[in-house]
Protein chains: 2
Amino acid sequence: MPASPRSRGQRKADTLDAFVRTPDAWIASASASGDAYLVPLSLFWDGRRLVFATPARSRTARDLERAGRTRVGLGPTDDVVMVDGRVETMPLDADPDLTAAFVARCGWDPRKETDPYVLILLTPTRIQAWRNVAELAERDLMLDGDWLS
Amino acid sequence: MPASPRSRGQRKADTLDAFVRTPDAWIASASASGDAYLVPLSLFWDGRRLVFATPARSRTARDLERAGRTRVGLGPTDDVVMVDGRVETMPLDADPDLTAAFVARCGWDPRKETDPYVLILLTPTRIQAWRNVAELAERDLMLDGDWLS
């Protein structure tokens, strides 16, 4: 028997819960010449932004800084959350409180790494979430940065 | 207590098992102008290639056909498998046996969709797999298309 679709309100609540619970997300990036890249990174949701940390010299950091936007995937694929958003990068010491909150959440301290790290801040503009085929038609939860009601 | 790393042989066996067991994978792609994209697609391993199906006119199909390569991520992020590979796309009727095997595995039939679909064939060139920090140093299982021994 196919599962019933969750209400949009329930999916929003589940998605915010996934932002808090999920340890890592898959982050796509692309070179200027159109080669795709993908890495899993530890995730911290500060209430407005998905926050990640990665070496400043990494392919992900450099390409996201150039592109200024990307898509991120969370969850097992039978409980999908996809987030498109605007990306900013900043050195760890540009926002010590945010970095400390990231460390507290992720249990790993990029300030102690030999390579300099940056924070990647993803501000969602579109969020899609679904658990089954019944939810695909109404999978959009946020468009143009606004939660749909 | 940190987990002990699995042997390379065990990780190869676990990875081939993941190719067979995992229902979906995250597939990255990129536009020619360097915008990243990411979708979860049903997965079939034919023994040599990871096989996916997607609409011929989709962003993923068009961009992968142009780029000819990409990276795919499987699994929860505490049991990661990442596959870089060469990509070919072909119409469903170009290899009816492969399409039938995909349908049998994935329980969904792209031949019945209104939009024309293509198969995406990813031949692995590099495979990385890890479950924990202890496995990161030796995470490469395949390089240049050859399984490491």
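Colleague: Which elements of chain A each supply at least two residues of the lining of the largest cavity?

Modeller: Bear in mind that this is a predicted model. Helix H1 (8-21), E6 and E7 of chain A each supply at least two residues of that lining. H1(A) gives the largest share, with 5 residues.

Colleague: What makes this space a cavity, and how many are there?

Modeller: A cavity is a place where a 1.4 Å probe fits but cannot get out. The largest cavity holds about 50 Å³ of space. Among the residues lining the largest cavity are Arg6(A), Arg11(A), Asp14(A), Ala129(A), Trp130(A) and Arg131(A). By class, the lining has 5 nonpolar, 1 polar and 6 charged residues.

Colleague: What makes the approach of the Glu135(A) side chain to the backbone nitrogen of Arg131(A) a polar contact?

Modeller: The cut-off for such a pair of N or O atoms is within 3.5 Å. The Glu135(A) side chain reaches the backbone nitrogen of Arg131(A) at 3.0 Å, so the pair falls within that limit.

Colleague: Which residues does Arg69(B) contact, leaving aside its neighbours within four places in sequence?

Modeller: Arg69(B) is in contact with Asp35(A), Leu64(B), Gly85(B), Arg86(B) and Val87(B). The side chains of Arg69(B) and Asp35(A) are joined by a polar contact of 2.5 Å.

Colleague: How do you know that the two copies are related as by a two-fold rotation axis?

Modeller: Chain B can be laid on chain A by a turn of 180 degrees and a shift of 0.0 Å along the axis, with an RMSD of 0.0 Å. The two copies are thus related as by a two-fold rotation axis. Gly34(B) is the residue of chain B that comes closest to the axis, at 2.2 Å for its C-alpha.

Colleague: How do you know that the copies meet through the same surface?

Modeller: 100% of the interface residues of chain B are also interface residues in chain A, so the copies meet through the same surface.

Colleague: What about Asp144(A) and its phi?

Modeller: Asp144(A) is not a glycine, but its phi is positive, about 50 degrees. Most residues other than glycine have a negative phi. Asp144(A) lies in the loop between E8 and strand E9 (146-147) of chain A. In chain B, Asp144(B) also has a positive phi of about 50 degrees.

Terms used. Residues are numbered from 1 along each chain as its sequence is written. Chains are lettered from A and ligands numbered from 1 in the order in which they are written. This is a predicted model: local features need pLDDT of at least 70, side-chain atom pairs count only at pLDDT 80 or more; totals for chains, interfaces and linings use all residues. Side-chain values use heavy atoms; hydrogens and water are left out. A polar contact is a pair of N or O atoms within 3.5 Å; within protein, one must be able to donate a hydrogen and the other to accept it, and residues adjacent in sequence count only if both atoms are side-chain atoms. Copies are superposed by least squares on the C-alpha atoms of residues with pLDDT of at least 70 in both. Contact means heavy atoms within 4.5 Å. On a 1 Å grid over the protein atoms alone, a cavity is a set of points where a 1.4 Å probe fits but cannot get out, and a pocket is an open set with protein on both sides within 12 Å along at least five of seven lines; lining residues have an atom within 4 Å of a point. Grid points are joined across faces, edges and corners, and a volume is the space filled by probe spheres set on the points. Helices (H or I, at least four residues) and strands (E, at least two) are DSSP runs, numbered from the N terminus. Ala, Val, Leu, Ile, Met, Phe, Trp, Tyr, Cys and Pro count as nonpolar, Asp, Glu, Lys and Arg as charged, and the others, Gly among them, as polar.
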